[in-house]
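Take a first look at the chain and its fold below. The report that follows walks through it piece by piece.

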Amino acid sequence: MRTPVEVLWLLASPEHHYFGRPRDGAPHPVSTARERVDVVAGKGVVGDRFFGRAAHMDAAVTLMAVESLERVAADLGLATDADPLGGFDPRRPRRNVVLRGAPVDALVGRDLALDCRAGGGGVVRFAGRRPAAPCAWMDEVLAPGAHPALRGRGGLRCVPTTSGALVVGSAELRTAEPVDPASAGVPVLRRGRLP
């Protein structure tokens, strides 16, 4: 199935920015968003802090729906018609790829591909592994209450199964089964321990 999406932001963070607990100190500045990132099968995003690290091979690339941030901003009373993100910087949750129109939180355990050829990129296939659980830093870097509000909509940790380039702009999400773009940002809560 092919679903039109938009790649809004790409991020490759060369270092960790959120160390310890929020009460232990301030985060470092966020990394600069990029227009293009190169992805290597089994290793992740070139230039990212988790690239090729064995401990992160099953979660080397993270995807997030911008609708999740918009819904959190609305839930917290920060969103306006002029600014549906409520002032949130979409780089703060530290996801490598921020998309519009993709219910990424529902893709745990599924194979998917992002086709960015329309914008001069390539096609990168991923195995969706597990939810990208939000951390307590979200209350500091987004807004108080953002950490619990992001549960179930913090994104998807993936393993790239092919190499290629992702670029900002119009793209296509490919999945074996249809996805509902209207459900992007809707929490997908799973049984088990909360992050």
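Which residue with a positive phi follows α1? Gly77 does, and its phi is near 75°.

**Ground rules**

This is a predicted model, in which local features need pLDDT of at least 70, side-chain atom pairs count only at pLDDT 80 or more, and totals for chains, interfaces and linings use all residues. Residues are numbered from 1 along each chain as its sequence is written, and side-chain values use heavy atoms, with hydrogens and water left out.

**The overall plan**

The protein has 3 helices and 11 strands. Helices (H or I, at least four residues) and strands (E, at least two) are DSSP runs, numbered from the N terminus. Read from that end, the order is β-β-β-β-β-α-β-β-β-α-α-β-β-β.

Of the 195 residues, 48% are buried. Buried means under 20% relative accessible area, exposed means over 50%, and partly exposed lies in between (1.4 Å probe, protein chains only). The protein exposes about 9,100 Å². Carbon and sulfur atoms supply 51% of that area. Accessible areas come from the Shrake-Rupley method with a 1.4 Å probe; for residues, only the protein chains shown count as cover.

A contact means heavy atoms within 4.5 Å. Take the contacts between residues at least 6 apart in sequence: 77% of them join residues at least 24 apart.

**Strands and their partners**

Strands of a sheet pair through backbone hydrogen bonds, either parallel or antiparallel. Here, two strands pair if DSSP finds at least two bridges between them.

Strand β7 (residues 111-115) has 4 of its 5 residues buried, so the rest of the structure largely encloses it. This strand pairs with β8 (residues 123-131) and with β11 (residues 169-175).

| Strand pair | Bridges | Facing residues |
|---|---|---|
| β3 (residues 36-40) and β4 | 2 bridges | Val40 and Gly44 |
| β7 and β8 | 5 bridges | Ala113 and Arg125 |
| β7 and β11 | 4 bridges | Leu114 and Leu173 |

**Nonpolar cores**

In soluble globular proteins, nonpolar side chains tend to be buried together. A nonpolar core is a set of buried Ala, Val, Leu, Ile, Met, Phe, Trp, Tyr and Cys residues joined through side-chain atoms within 4.5 Å. The largest one here has 29 residues. Leu63, Val97, Leu114, Phe126 and Leu166 have the most contacts inside it. Apart from it lies another core, of 17 residues, among them Leu69, Ala73, Leu142 and Ala146.

Now look at Leu166. Beyond its neighbours within four places in sequence, Leu166 touches residues including Leu10, Val39, Val97, Leu114, Cys116 and Phe126.

**Helix α1**

Is α1 mostly covered or mostly open? The helix is mostly covered: 7 of its 10 residues are buried. They are Val66, Glu67, Ser68, Leu69, Glu70, Val72 and Ala73. These buried residues pack against β1 (2-11), β5 (61-65), β6 and α3 (146-149).

Arg94 lies in the loop between α1 (66-75) and β6. Its phi is positive, about 65°, although Arg94 is not a glycine. Arg94 counts as buried because its relative accessibility is 6%.

**A buried aspartate**

Asp105 sits in the loop between β6 (97-100) and β7. Why does Asp105 count as buried? Its relative accessibility is 5%. Which backbone nitrogens lie by polar atoms of the Asp105 side chain? That of Gly155 lies 2.8 Å from one, and that of Gly154 lies 3.4 Å from one. Leaving aside neighbours within four places in sequence, the contacts of Asp105 also include Ser68, Gly152, Val188 and Arg190.

**Cysteines**

Cys116 is buried, because its relative accessibility is 0%. Cys158 is buried too, with a relative accessible area of 0%. A disulfide is a covalent bond between the sulfur atoms of two cysteines. The search counts a pair of cysteine sulfur atoms within 2.5 Å. Across the whole structure it finds 0 disulfides.

Notes
Polar contact = N/O pair within 3.5 Å; in protein donor to acceptor, adjacent residues only side chain to side chain.
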